[in-house]
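Hi,

Here is the structure I promised to pass on. Have a look at it first, and my notes follow below.

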Amino acid sequence: MNAPLLSTLRAVLGDDAVLTDAADRAGYETDLLRTRTGQALAILRPGSTAAVAAAVRLCADAGVAVVPQGGNTGFCGGATPPTDGSAVVLSTERLTRIRAVDTMGNSMVVEAGVTLADARAAAESHDRLLALHHGGLSSRIGGNVATNAGGNNVLRYGMARSLVLGLEVVLADGRVWNGLRALAKDNAGTDLKQLFIGTEGTLGIVTAAVLRLHPLPRTFATALVAVADPAAAVALLARLRSEAGEVLSAAELIPRAGLDLHFARAGAGREPFDRRHGWQVLVELAGSSRFIDLAGALEATVGDGLAAGEATDAVVATSGAQRAALWALREGLAVAQVEAPGNLKNDTAVPVPAIPRFIRDAEAAARAIVPDCVPIPFGHLGDGNIHFNLNPPPGTDPAAFMARWPDLVAAIEDTAVALGGSIAAEHGLGRSKVAAARRAKPALDLDLMRRLKAALDPDAVLNPGVML
Ligand SMILES: Cc1cc2nc3c(=O)[nH]c(=O)nc-3n(C[C@H](O)[C@H](O)[C@H](O)COP(=O)(O)OP(=O)(O)OC[C@H]3O[C@@H](n4cnc5c(N)ncnc54)[C@H](O)[C@@H]3O)c2cc1C
């Protein structure tokens, strides 16, 4: 039935831009976590904005849905096609040009398929920082914009939204909206780019973005600070914020269970302290000015934290290699969980002062369902975004644990919402959290989201079934 569409797509995009063999499609049909597999009519790999627009127009005319896909590293199944072969996956992997870097205006124009790693490297080669930074380095800029990605530097620089100055977007009817403006100030009407940031490819396909750059930090002061419990971690964070000020760039909570998982996998990392601590916070101050004594600021602030009983021990990196080793602990525990069979990922946020209560209540709620499950609450302390992940009880069948995922997820999300939190802090809703959003979000929020969808994509061409 879709043969004419596929042959027109081949004629317009080129043969190698339309993949239909099962073996060629496979990598695009399953998400990174292997929790969701779909089946696509075809994989489209257009190489330009005009080609994306043509593909969307042809699919829209044929009534075929389009699932945008970047690096396929998202955690909510938003880039996975439905199972019935009714949709095409449109990969941005060929939109990889860095169109411009403006060191005077501190911005860069990158195409949607540039990986986060490459975008950061390109900025750095111009002595600038692209402040978006997380473990999913093979993710692509379009995906980061579409999920409003967060990560390790949100505390200082904000989420992807605050780094986007302009966008180029292919709309559901194939028109191209050119909002590639590099303006810090633009109040000339509705800020249309915001419609496409964090809406997971349901309102438009991002083909390029103007990203804000910052001065490249030249000096870092990094420490791993042991704390007695999450309450002490939050108290230490408050001290760091007031004593170290805006140079505080990261404060990541690291639990014992996360370190143990990382050590078991990598075999390379080693215990950072003389003795094992239950909780630690990875703290980093970063500065681009050589006139600011970051090391002194960190030493004095952590020293005050030790004296006040907020911290119990600390190791300070004294070289780039030591700094990298401390960060490897933080990144390693996330990667170890991607690989751990049965690891249940959560992405809730609560107000920062509620973090200790959230961790306590979520642990009790999870253990009421699976008594010996292993909580691994870790992550972005300064954003209230603790990923309350869970591993199966040691020695048990991961599949049996996974059968309990729906109950566990609901219990953890309800715990966050009861504390004024969110069920989706930085990974989005995708397909996985549609039911949860229906349960947890106010009816008026959902109504407004549906109205926006109906206005911009009345025929549900873009990512139907995602978010709503
Ligand atoms: C080890 C690891 C650590 C991670 N840590 C973090 C973290 O700390 N913080 C964080 O926020 N995320 C994190 N992630 C998750 C992930 O990397 C991000 O969500 C990322 O932004 C997804 O980008 P992607 O290109 O892989 O998008 P995909 O997974 O391909 O797609 C994600 C969503 O965006 C849509 N989309 C993709 N490209 C476009 C486009 N061009 N236009 C419109 N819609 C599009 C898709 O349809 C889908 O709905 C991590 C991932 C890994 C593997």
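Let me start with a helix pair: H8 (residues 230–244) packs against H10 (residues 294–307) at an angle of about 140°, and their axes are 10 Å apart. Before going further, note that this is a predicted model, where local features need pLDDT of at least 70 and side-chain atom pairs count only at pLDDT 80 or more, while totals for chains, interfaces and linings use all residues. Residue numbers start from 1 along each chain, following its sequence as written.

Some terms: helices (H or I, at least four residues) and strands (E, at least two) are DSSP runs numbered from the N terminus. Axes are lines fitted to C-alpha atoms, for helices over the stretch in contact, and angles run from 0 to 180 degrees between N-to-C directions.

Back to the pair: H8 and H10 are therefore oblique to each other (under 35 degrees is roughly parallel, over 145 roughly antiparallel, 65 to 115 roughly perpendicular, and the rest oblique). On the H8 side, Leu236, Arg239, Leu240, Glu243 and Ala244 meet Ala297, Leu298, Thr301, Asp304 and Gly305 of H10 (contact means C-beta atoms, placed from the backbone, within 7 Å). That contact has five nonpolar, two polar and three charged residues (Ala, Val, Leu, Ile, Met, Phe, Trp, Tyr, Cys and Pro are nonpolar, Asp, Glu, Lys and Arg charged, and the others, Gly among them, polar).

Next, the sheet. Six strands form an open sheet in the order S15-S12-S14-S13-S16-S17, with antiparallel pairing (two strands pair if DSSP finds at least two bridges between them). At the edges sit S15 (311–316) and S17 (385–391), each pairing on one side only. From one strand to the next, the twist averages 20°. H10 turns up again here: it packs on the sheet, touching S12 (219–227), S14 (279–287) and S15, and its direction makes about 15° with that of S12. S16 (residues 374–380) and S17 are joined in the antiparallel sense over seven bridges, and Pro375 stands opposite Leu390 in S17.

Another helix pair is worth a look. The axes of H1 (residues 3–13) and H3 (residues 49–62) come within 10 Å and cross at roughly 165°, which makes H1 roughly antiparallel to H3. Leu5, Thr8, Leu9, Val12 and Leu13 of H1 make the contact with Ala51, Ala54, Ala55, Leu58 and Ala62 of H3. By class, that is nine nonpolar residues, one polar and no charged.

Cheers

Terms used:
Contact = placed C-beta atoms within 7 Å.
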